[in-house]
Amino acid sequence: MAKTLAPKLPPNVDPTKMELAYGRGAVLKLISGLTDSDLFHRQQSLVYLCELIHNPENVAQGLSLKLVSKLTKMVDDADLAIRQKSTECLCIIAGIASGRASLVECSSPLALSKLFEDGDLLVRQNAHETLRRVTCQQSGVDCVLSYGLLPIIVSKAPMEKLSVQVPILDTLHNLIRLGKAPWIPRDALESQAMNMLTKLIHMETVTAVKVAASGCIMSLSFYPSAKRIACDIDTIPGLIKLLSDRKAAVRAAAAGALMSITIECDAKRMMVRENAVHILMSLLNDKSESVLLNTIKTITNCAEDYRGRFQLHACLKKLDALKDSQNDMIAEASKRAIEVITWRP
């Protein structure tokens, strides 16, 4: 893996021994070198630029010199080193707000999407990490969705290497969470995102993937149509299994997804049938506040089903103790849960 992800630097180019122009002239000279007819000169300019643009002041100067536009034109170059370093530069630039705005203005997400099939893992990783950063803000989400890239992103998630899979899922989460009509939830549902995410949570995989996939399910399940799909496939059993994961972040994410889905009446009934109510009650002893909060809210949803309400009477003492929690959200959620469990028609 380490060897695969090592950038293919041109010979005799050492970023630690750069001889550059003084002050602001360095960035200007390197950017002018990006359009040089000599391949080695272009490679050298990119390698040095990658080092310099870690400084936000250099990024600001580069943006004023249309650096993003030049880099965007280079991402599909036939030379591997050019593709690796140009995508790395864009990834670094996407780390600041003004850089993300410039990427959107230059339609960089569309150009980067053409690299999803690139044979080099590092190029694909840079491309997806850049999209993850761009979609952290609304304009980036609107840009990606307007180009119809969500179905492509969904299709790539299950087949990629772990180092690429996580930023893909983070990007998908951003798109679902911040996306608006007409793209969301239409594009996500038509591309069968819920089915793909359900397969991921059933797989034996790393914590980051479980958390990211559960987060996507949670955000998507805010839409009623997605809740119904989750009830029709094996989404709920998969999330129930994750409630027993040894990692608190996974338990919290799974409980959050179930909290979102169990607004649906069929989901409440399914939770009771799958014996998930007892698992939820056991999580009231969890040390993680995130797990506690999401669990209590899920319990409140399940208590609206009369069979779930009957079983949940066993945890009233624990919920009563949680009313005195120093965390105001947990205390308030516990009060609400007790009201629902003890309600009588």
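Leaving aside its neighbours within four places in sequence, which residues is T235 in contact with? The legends below take up this question and others, using a predicted model.

Figure 1. T235 is found in helix α17, which covers residues 235-242. Once neighbours within four places in sequence are set aside, T235 is in contact with M194, T198, I201, I217, A230 and I261. With T198 there is also a polar contact, made between the two side chains at 2.6 Å. Is T235 buried or exposed? T235 counts as buried because its relative accessibility is 0%, and the cut-off for buried is under 20%.

**Figure 2. Helix α7 and the helices that cover it.** Helix α7 runs over residues 97-105. Which residues of this helix are buried? They are G99, R100, S102, L103 and V104. Following α7 is S107, and the phi of S107 is positive, near 60°.

**Figure 3. The largest nonpolar core.** This core has 75 residues. Which of them touch the most other members? These are I236, L312 and L319. For L319, with neighbours within four places in sequence left aside, the contacts are L284, I296, S334, A337, I338 and I341. Another core, of 33 residues, lies apart from the largest one; V27, M74, I82 and A127 are among its members. In soluble globular proteins, nonpolar side chains tend to be buried together.

**Figure 4. The whole protein chain, for orientation.** The C-alpha trace spans about 80 × 40 × 35 Å along its principal axes. How many helices and strands does the secondary structure of the chain come to? There are 24 helices and zero strands. The chain has 345 residues, of which 53% count as buried. Among contacts with a separation of 6 or more, 73% are between residues 24 or more positions apart. The chain exposes about 15900 Å², and carbon and sulfur atoms supply 53% of that area.

Definitions and conventions. Residues numbered from 1 in each chain as written. Predicted model: local features only at pLDDT ≥ 70, side-chain atom pairs only at ≥ 80, totals over all residues. Heavy atoms only, no water. Helix = DSSP H or I, 4+ residues; strand = E, 2+ residues; numbered from the N terminus. Buried < 20%, exposed > 50% of the residue type's maximum accessible area, 1.4 Å probe, protein only. Contact = heavy atoms within 4.5 Å. Areas by Shrake-Rupley, 256 points an atom, 1.4 Å probe, with all protein chains shown as cover. Polar contact = N/O pair within 3.5 Å; in protein donor to acceptor, adjacent residues only side chain to side chain. Core = buried A, V, L, I, M, F, W, Y, C linked by side-chain atoms within 4.5 Å.
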